[in-house]
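Biologist: Please walk me through this fold. I would like to know how to read each feature.

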Amino acid sequence: MRILQSSIRRIAFLLLLVALVDAQSGPLPIEPPAPPWKEFVKADGHANEIPIEWLATEAGRFAHSIRLPDSIPQTAPFDFTAARWRALKPGSKSVARQYWEHLCATEAGSFILKPVENVDGLFFMRPVGGATEQQNNDRWKLEAPGLQASWGFQYDPEREAIGFVNPPHHTYQWVDFPDRTGHGVLHMSGFVDRVSPMKMERQAESKARYALIWRGIRRERDRDNLISGSEWIALDRQSGEVLGVLRDFYLTGMTTNQRQGIYWLNSARCPFKRKMFGSAGVDSEAQVWMPMVVRPRDFPTVLEAIKRKQQGEIK
């Protein structure tokens, strides 16, 4: 009987340790509050349900309706129980970091499915909108906080257009952005830094065949562990075909002077991003990646160098 009682006490102690690790599974001690998301819905573009708030706009509804080809990596299961046991060892990685590394290794990456050549312009279909300081420090408020936090506080299509139509590195001839008023698009072209001003005209709709759009993605217990995911999607508006996907997962919780360490502006990006973009900020990744999929007539020199480096032609 004494042996049995001793065994029960040992098991209870180990279970207590596991519970303590689970409660502190992020880079810093975390006690996640109840999420504000109360209603979840099934969207065609996702295997699991997403918060209904993500479908509040027409652009959001369209983004989440896009079905990705089967060739894009699917969600891979993660053993949280095993991760908790590993985290008990001194010097081991937290559950949050283990989970983030798992997502980066199994799902994240740049997937260029069908690049197209000699394109004059594109439609940037969904404003990013940026994040306020309060949103930047909140695990739940934004759909894709790791992506959105770096885009400034306000939607500024004129500034964002420069990243697409400013030679010699950004050589689309024009780019369309949704008008701030919510009606029609802003057609912008002709910008050359310090030489000519941006030409802008309002149009009822974009005539671009190719488009770029973003969306948040949801994985099991990701925000509990201070992880957020996002996708950039390049598509052919004429056929509805997905041409490429850029998927990333962001990890926060490491900023010591912020509550619970949450500061999405400096969140960690998956390692492949460092190899692909170097020091480029999150707000310029789409402007570097999109021309790799939908290539301007004058392919930017900097992107050609990136391509050659990836192929091992230069070091």
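This is a predicted model: local features need pLDDT of at least 70, side-chain atom pairs count only at pLDDT 80 or more; totals for chains, interfaces and linings use all residues.

Modeller: Residues are numbered from 1 along each chain as its sequence is written, and side-chain values use heavy atoms, without hydrogens and water.

Biologist: How many helices and strands are in the protein?

Modeller: Helices (H or I, at least four residues) and strands (E, at least two) are DSSP runs, numbered from the N terminus. The protein has 10 helices and 12 strands.

Biologist: What percentage of the residues is buried?

Modeller: Buried means under 20% relative accessible area, with a 1.4 Å probe and protein chains only. Of the 315 residues, 49% are buried.

Biologist: In what order do the strands of the open sheet run?

Modeller: Two strands pair if DSSP finds at least two bridges between them. Here 8 strands give the order E3-E11-E10-E9-E5-E6-E7-E8, with mixed pairing. Strand E3 (109-112) and strand E8 (199-203) are the edges, each pairing on one side only.

Biologist: How many bridges join E7 to E8?

Modeller: Strand E7 (residues 185-189) and E8 run antiparallel, joined by 5 bridges. Valine 185 has glutamine 203 in E8 as its bridge partner.

Biologist: Which strands does helix H4 touch?

Modeller: Contact means heavy atoms within 4.5 Å. Helix H4 (residues 95-106) packs on the sheet, touching E10 and strand E11 (242-251). Axes are lines fitted to C-alpha atoms, for helices over the stretch in contact, and angles run from 0 to 180 degrees between N-to-C directions. The directions of H4 and E11 make about 165°.

Methods
Buried means under 20% relative accessible area, exposed over 50%, partly exposed in between (1.4 Å probe, protein chains only).
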